[in-house]
Amino acid sequence: MENLDFTNYRSTLEKKYAELKKNKDFITGYPGNQNFDYSILSKFFEFALNNIGDPLLQSNFTLNTHEFERDVITFISNLYKKENDVWGYITNGGTEGNLTGIHIGRSHYPEGIIYFSAHSHYSVAKAIELTRSKSSCISVLPNGEISYLELKEKIIENINQPVIILANIGTTMTGAIDDIQTIKEILSDLNISNYYIHCDAAFHGLILPFCNLPTPLNLNDFHSISVSGHKLIGSPIPCGVFLTHQNVVDKIKHYIEYIKSGDCTISGSRNGITPLILWCAIHQKTYDEFKNIAQECIVKAEYARDKMLLNGIQAWTNQYSPIVLFKKPSNEMIKKWSIAPYENISHIITTPNLPYETIDKLIDDLVLDKAKSVD
Ligand SMILES: *Cc1c(COP(=O)(O)O)cnc(C)c1O
């Protein structure tokens, strides 16, 4: 590791800037969209902004951007067909949203068992640990979707316990979507009314509302959802959105006189810049442009998959997902292209900023890599 030269801090920063600029074009395995321009917001760095408290209430501290936060919540909840009685806030990312979902679920059902899948993001296991929850890990179908059969069996084993389901609305590795309707049928077949469903929709949560799903995602079908802001939308600061219903969040609300607001967020002091970022991202384009960006990611993934197949590379995608899966390449390839590996597979993600030319170059490299590795 080299030591940073702090005597000449400007040139040290310039060097880092140049390095990041170079790396940016070689990130293919991770879902962060790099296509954005929030330069209009740079003047807001003048203020010690803090969105402390409940964004839906007025607080005594006025250096906040709560009205922008509320507007982002409204936009996203409309994507999930919910117009009234929504409660939500802007989080530090998908992890915080999952933790909040589990925290609220457990507050409703202190004895609840958390059912999650073997392909759930590691933030779920972390939230289970933090909340000291009882849990049950369910295996996945070949495409990465939860095994409904096993889910049902495990629920039956604990039939007297309330059920807290962590549904993946697009897994990190394969982009598989757990079917909320099937899960609800299982609960109804077993006559379970004490349940809570949280959806982890970190990356796919802003893509699926623009796809023609047979049953569109609807906030009325579950209790809460967590979506990342820095993934599909893209943001220089990690962020996300957590959404639930007013009557669901009431369970964890405490009124704090000191800030004259409700406290129901995990962080006390909260980011005032990320609401501006997400608000700009949403309103810099029209709704149709937004929709095109989301849909184009999937078209690009299908292009990458088909081109890999044509070139003899076993590749596949899940429906409605910009994640392209293929056999794990060499370590040099993984490093050069920032590819994400998992057991014997790996993936690239066709984010809005990934140009077709980069996909072509990557596939050329994969073909060479494969030729080299043949025994
Ligand atoms: C990325 C991701 C997360 C975690 O989001 P962070 O913003 O990194 O905290 C959670 N769940 C899924 C499915 C993800 O892909």
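**Entry 1: the seven-stranded sheet**

In what order do the seven strands of the open sheet stand? I looked this up in a predicted model, and I read the order as β1-β7-β6-β5-β4-β2-β3. The pairing in this sheet is mixed. I noted that β1 (86-91) and β3 (134-138) stand at the edges; each has a single partner strand, so one side of each is left without a neighbour in the sheet. On average, neighbouring strands here are turned by 15° against each other, direction ignored. As background, I recorded that strands of a sheet pair through backbone hydrogen bonds, either parallel or antiparallel.

Strand β6 (residues 224-228) pairs with strand β7 (residues 240-245) in the antiparallel sense, and the two share five bridges. Within this pair, S226 has F242 of β7 as its bridge partner.

**Entry 2: helices across the sheet**

Which strands does helix α3 lie across? I found that α3 (residues 94-108) lies across β1, β2 (113-117), β4 (163-168), β5 (195-200), β6 and β7. The helix runs at about 180° to β5. Helix α2 (residues 66-79) lies across β1 and β7, and its angle to β1 is about 115°.

**Entry 3: the surroundings of E150**

I located E150 in helix α5, which covers residues 148-157. Leaving aside neighbours within four places in sequence, I listed C137, I138 and S139 as the residues in contact with E150. With S139 there is also a polar contact between the side chains, at 2.3 Å.

How many salt bridges does the count come to? The count comes to 11 salt bridges.

**Entry 4: the four-stranded sheet**

I turned next to an open sheet of four strands, with the order β10-β11-β13-β12 and antiparallel pairing. Its edge strands are β10 (315-316) and β12, each of which pairs on one side only. Strands β11 and β13 run antiparallel and are joined by five bridges. In this pair, L325 has H347 of β13 as its bridge partner. Helix α10 lies across β10, β11 and β13, and runs at about 20° to β11.

**Entry 5: the two domains**

Finally, I consulted the domain assignment, which gives domain 1 (9-28 + 287-374) and domain 2 (42-284). The centres of domain 1 and domain 2, taken over C-alpha atoms, are separated by 28 Å. To the contact, domain 1 gives 23 residues and domain 2 gives 27 residues.

What lies between domain 1 and domain 2 in buried area? The two domains bury about 1,900 Å² between them, and 73% of this is on carbon and sulfur atoms. I counted zero salt bridges between domain 1 and domain 2, but five residue pairs in polar contact. On the side of domain 1 that touches domain 2, the elements giving two or more residues are α10 (287-310), β11 (323-327), β12 (340-342) and β13 (345-349). Helix α10 provides the largest share of that side, with seven residues.

Methods
Residues numbered from 1 in each chain as written. Predicted model: local features only at pLDDT ≥ 70, side-chain atom pairs only at ≥ 80, totals over all residues. Heavy atoms only, no water. Polar contact = N/O pair within 3.5 Å; in protein donor to acceptor, adjacent residues only side chain to side chain. Contact = heavy atoms within 4.5 Å. Pairing = 2+ DSSP bridges. Axes fitted to C-alpha atoms, helices over the stretch in contact; angles between N-to-C directions. Domains from an automatic or database assignment. Buried area = accessible area lost by both parts, 1.4 Å probe. Salt bridge = Lys/Arg side-chain N within 4 Å of Asp/Glu carboxyl O.
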